[in-house]
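Subject: Structure for you to look at

Hi,

Here's the structure I promised to pass on. Have it open while you read, and I'll walk you through what turned up.

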Amino acid sequence: MACGDKKARFEIPSPGAITQARLRVSSIEVRDVSLPAYASASEIVVEDGAGALRPVSKAIWADDPARAVTGALARSLEAGSTAKAAAEPWPLTSEPQARVQVRIDQMAARASGFYLEGQFAISSDSGAVSDSLNRFAISIPMADLAPASVATATGQAVDQLAAKIIARLRG
């Protein structure tokens, strides 16, 4: 922490206890998640009453947001399924049976709740699963717009996104 830096740092929480779904693939590579520019910054932002996204005073993400979301998604996929999951670059010598690419179009904490919208693609060089493009929109209720609430809601939204990906990998 820089001299005089008094900003609180917030992590995206790890997934809670999840029932594991049996998948047709045993390994999943999570490609780097693409975030909108405002969500890629280190500052935690919330939407104000006029619809503008503003940084929360003295609060930043503990890690690079794209890296944090990618890692959280890999953890949630692994926790919620029988497959091993890791963020790119794939760390093993054998190729993953499936790859997941996520592009987030909107990621905002609002008075009405946390909102996550975008698209995920599933691909498989081995043919273990069919390639697909899938849209998603996830809303998480929030009690307030405090940074800790934003971090918790972000983790919950990533968990719900992982559940959608797992459901697609099952079917």
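Let's start with the lining of the largest cavity: by class, 10 of its residues are nonpolar, one is polar and one is charged. Before going further, keep in mind that this is a predicted model.

How big is that cavity? The volume of the largest cavity comes to about 90 Å³. The structure has one cavity of 30 Å³ or more. If you want to click through the lining residues, they are Tyr 38, Ala 39, Glu 43, Ile 44, Val 45, Trp 61, Met 107, Ala 108, Ala 109, Phe 114, Val 150 and Thr 154. Two or more residues of that lining come from each of helix H1 (37-40), S3, strand S6 (98-110) and helix H3 (147-170).

S6 is joined to strand S7 (residues 113-123) by 11 bridges, and the two run antiparallel. They form a hairpin, with two residues linking S6 to S7. Look for Ala 109, which stands opposite Phe 114 in S7; both residues also turn up in the cavity lining. S6 has another partner too: strand S2 (residues 27-30) runs parallel to S6, with three bridges between them. Over there, Ile 28 faces Ala 98 of S6.

Now for S3, another of the cavity's contributors. Strand S3 (residues 43-47) pairs with S4 in the antiparallel sense, over four bridges.

While you're on strand S4 (residues 53-61), stop at Lys 58. Is Lys 58 buried or exposed? Its relative accessible area is 58%, so Lys 58 counts as exposed, the cut-off being over 50%. Leaving out residues up to four places away in sequence, Lys 58 touches Lys 6, Lys 7 and Ala 8. Lys 58 and Glu 43 are 15 residues apart in sequence, and their C-alpha atoms are 8.6 Å apart in space.

Next, the largest pocket, which holds about 180 Å³ of space. Its lining is made up of Phe 10, Glu 11, Ile 12, Trp 61, Ala 62, Asp 63, Arg 67, Ala 68, Gly 71, Ala 72 and Arg 75. Sorted by class, that gives six nonpolar, one polar and four charged residues. Which element gives the most to this lining? That's helix H2 (residues 65-79), with five residues.

One last stop on helix H2: Thr 70. Thr 70 has a relative accessible area of 3%, and since buried means under 20%, Thr 70 is buried. A polar atom of the Thr 70 side chain lies 2.9 Å from the backbone nitrogen of Val 33. Setting aside neighbours within four places in sequence, Thr 70 is in contact with Val 30, Arg 31, Asp 32, Val 33 and Ala 87.

Cheers

Definitions and conventions. Residues numbered from 1 in each chain as written. Predicted model: local features only at pLDDT ≥ 70, side-chain atom pairs only at ≥ 80, totals over all residues. Heavy atoms only, no water. 1 Å grid on protein atoms, 1.4 Å probe; cavity = no way out; pocket = protein on both sides within 12 Å on 5 of 7 lines; lining within 4 Å. Points joined across faces, edges and corners; volume = space filled by probe spheres on them. Nonpolar A, V, L, I, M, F, W, Y, C, P; charged D, E, K, R; others polar. Buried < 20%, exposed > 50% of the residue type's maximum accessible area, 1.4 Å probe, protein only. Polar contact = N/O pair within 3.5 Å; in protein donor to acceptor, adjacent residues only side chain to side chain. Contact = heavy atoms within 4.5 Å. Pairing = 2+ DSSP bridges.
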